[in-house]
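Q: Could you walk me through this structure with me? I'd like to go from one topic to the next and ask as we go.

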Amino acid sequence: MGFTNKIRILKVDLSSGQISREELSEEVSKKFIGGRGAGTYLLNSLLKGDEDVFSEANPLIFATGPLTGTAAPTGGRYMVLCKSPLTGLVACSNSGGHFGAELKRTGTDIVCVVGKAQEPVYLYVDDDKAELRSASHLWGLDTHKTTAILKEEAGAESAKVACIGPAGENLVRYACIINDLHRAAGRSGVGAVMGSKKLKAIVVTGATRPEPSDHDKFMETVKARVKTLQENPVTGQGLPALGTKVLDNIINEHGAYPTRNFQTGVFESTDEVCGEALVEKGYLKKNRGCYACPIKCARVTELPSGNKGEGPEYESGWALGAAAGVKDLIAITEANYQCNLMGLDTISYGTTVACAMELFEKGLIKKDELEGGPALTFGSSEAIVFYAQKTAYRQGFGDKLAEGSLLLAKGYGAEEYSMSVKGQELPAYDPRGVQGQGLSFATSNRGGCHVRGYLIAPEILGIPEKLDPQSTEGKAQWVKIFQDLTAVIDSMGMCLFSSFALGAEDYLAILNAFTGFDYSLDEMMECGERIWNLERALNRRFGMAPGADTLPKRLLKEQMPEGPQKGHTVRLDEMLPEYYELRGWDENGFPKKETLERLGLDA
């Protein structure tokens with residue numbers, strides 16, 4: 001396969017069974033890069049806005065970037081996009097592992113799935129051959145059994161599988177897609193859309209490595225950045241040694257470790273569940289990396305029971321631990337395994353259980369509603385494990401948990417106990433202790449999310465420079481820059497963790513060496529801005545209401561009760577107007593006509 005900047009699409013219509021190939025032009029590629037950007041462009045072209053999330057019209061888009069499957073460090077990422085069943089807004093979920101790289105090696109950049117199958121099917125792609133096969137024998141199986149059977153059917157251990165588990169089949173609103181057994185396109189319910197289409201899996205096997213525009217220049221550029229990553233204390237030492245759970249003690253000591261459904265920011269049992277404890281208790285066996293990754297932050301673990309798998313990572317360990325007041329690392333790890341088997345987003349599952357625990361302790365959820373299941377009390381290690389399967393199969397009280405925390409809490413007239421933004425549950429940072437992260441959460445296009453603008457880096461970790469976490473001054477500008485650069489990284493097909501060591505100039509050098517487009521830094525950042533604005537314009541079409549850029553009342557009105565951040569709330573009103581002005585948006589949070597025109601968007 002020779003070099004090309006055209007974006008090659010494999011279009012699969014499950015209703016008719018037809019499979020065809022299309023291309024997006026080099027002009028689209030230059031404006032949107034690929035991955036998240038190209039996927040958003042495609043989503044915009046396919047949806048009017050009022051489509052039901054589980055209708056045939058809602059596409060499911062698997063999008064690699066130009067660097068996916070190349071020698072670029074961390075170049076193994078891909079995105080899954082659709083209209084979200086959890087938020088009703090843009091879903092754009094990122095995953096690593098090896099699936100994205102293998103998909104790219106088939107000569108395909110994007111798989112765009114439309115329609116619905118009558119019976120369960122899976123898509124098999126072998127280089128330029130693609131076909132739909134029956135998956136009736138796989139329906140109902142967990143992700144590990146599904147993967148094993150499909151690898152055997154493909155006749156190649158090198159085949160890579162992305163699939164759903166029972167949660168996706170049963171339309172749990174935060175079901176995820178699992179690839180390579182342990183990696184997840186985790187958030188916003190992309191797995192539920194896959195289940196609604198009766199698409200159990202995609203299997204890919206390819207043999208063609210993507211070619212850069214200038215091989216020698218690209219390899220020289222890549223080698224220099226690999227060295228930078230290896231020599232950086234975060235990407236070369238901290239993440240390889242302890243994985244993302246290196247953050248547990250750091251965030252807790254800062255006083256921003258959300259505990260018992262964000263009632264406080266200090267967890268008294270962090271020493272029992274942190275990354276260091278995973279090592280000291282002997283559960284961590286080794287680390288592992290995704291495709292082309294020099295960081296290798298993944299955790300390979302085994303429990304005394306003999307159960308084994310990967311994780312928990314920081315967010316999962318928090319959601320299944322401190323968020324629910326659970327201090328039992330065995331239960332946390334077991335619940336993490338169950339979520340991977342069932343195909344559940346660990347963040348939304350754990351925090352929805354935490355919401356239910358607060359509703360239960362306040363007497364709003366009655367014991368008889370649990371149908372004999374364990375009481376939903378904070379700290380219950382039994383509950384955090386038990387309700388994973390119940391949620392995936394929508395059995396008993398699990399049927400309510402499967403709707404997510406917002407719909408759950410609304411059902412009890414207590415919406416304020418859902419710690420979510422735009423319907424998606426918040427991750428493992430209490431923004432009362434990090435003002436910029438609070439603004440980033442509030443303005444995220446896909447709802448509660450830390451990987452759309454990770455202000456924890458400057459506000460707590462001091463990367464690329466240390467900011468005062470309680471100052472609101474200048475945070476709007478920082479958030480905009482981080483959001484735009486993250487959109488670029490996602491679109492390139494690289495991992496956000498690389499940005500702990502690499503800066504915008506590094507991504508520019510890698511992108512230009514591969515594509516030959518010769519972007520200026522401003523042009524590359526404008527691509528990120530264009531993607532962010534197209535997502536926002538799409539959200540408006542999907543029905544996002546004015547005033548949606550906000551946070552749960554608890555974080556805006558209730559002062560942090562203890563710890564280093566005691567007395568603080570999120571001062572969103574000090575940052576949001578400046579953010580809208582910098583973005584060129586109106587007071588309702590939507591792009592002005594002149595902003596869309598400047599970015600060449602017709603939305």
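**Working through the model**

A: Let me start with a loop: Leu-171 sits between helix 5 (166–169) and strand 10 (177–179), where helices (H or I, at least four residues) and strands (E, at least two) are DSSP runs numbered from the N terminus.

Q: What is the phi of Leu-171?
A: Leu-171 has a positive phi of about 60°, although Leu-171 is not a glycine.

Q: Before we go on, what kind of model is this?
A: This is a predicted model, in which local features need pLDDT of at least 70 and side-chain atom pairs count only at pLDDT 80 or more, while totals for chains, interfaces and linings use all residues. Residues are numbered from 1 along each chain as its sequence is written, and side-chain values use heavy atoms, with hydrogens and water left out.

Q: Which domains does the chain have?
A: The assignment gives domain 1 (7–205), domain 2 (241–423) and domain 3 (429–500 + 519–598), with bounds that come from an automatic or database domain assignment.

Q: How far apart are the centres of domain 1 and domain 3?
A: The C-alpha centres of domain 1 and domain 3 lie 27 Å apart. The contact between them takes 37 residues from domain 1 and 27 residues from domain 3, contact meaning heavy atoms within 4.5 Å.

Q: And what area do domain 1 and domain 3 bury?
A: They bury about 2,700 Å² between them, with 59% of it on carbon and sulfur atoms; buried area is the accessible area (1.4 Å probe) that two parts lose on being put together, summed over both. On the side of domain 1, Ile-33, Arg-36 and Val-90 lose the most area to domain 3, and together they account for 25% of what that side buries.

Q: How many salt bridges cross the interface of domain 1 and domain 3?
A: The rule finds two across that interface, a salt bridge being a side-chain nitrogen of Lys or Arg within 4 Å of a carboxyl oxygen of Asp or Glu. Arg-36 also takes part in a salt bridge, with the side chain of Glu-535, at 2.8 Å from N to O.

Q: Which elements make up the side of domain 1 that touches domain 3?
A: Those that give two or more residues are helix 1 (26–32), helix 2 (35–46), strand 4 (78–83) and strand 5 (90–95). Helix 2 gives the most, with seven residues.

Q: Switching topic, how many salt bridges does the structure hold?
A: The structure holds 35 salt bridges.
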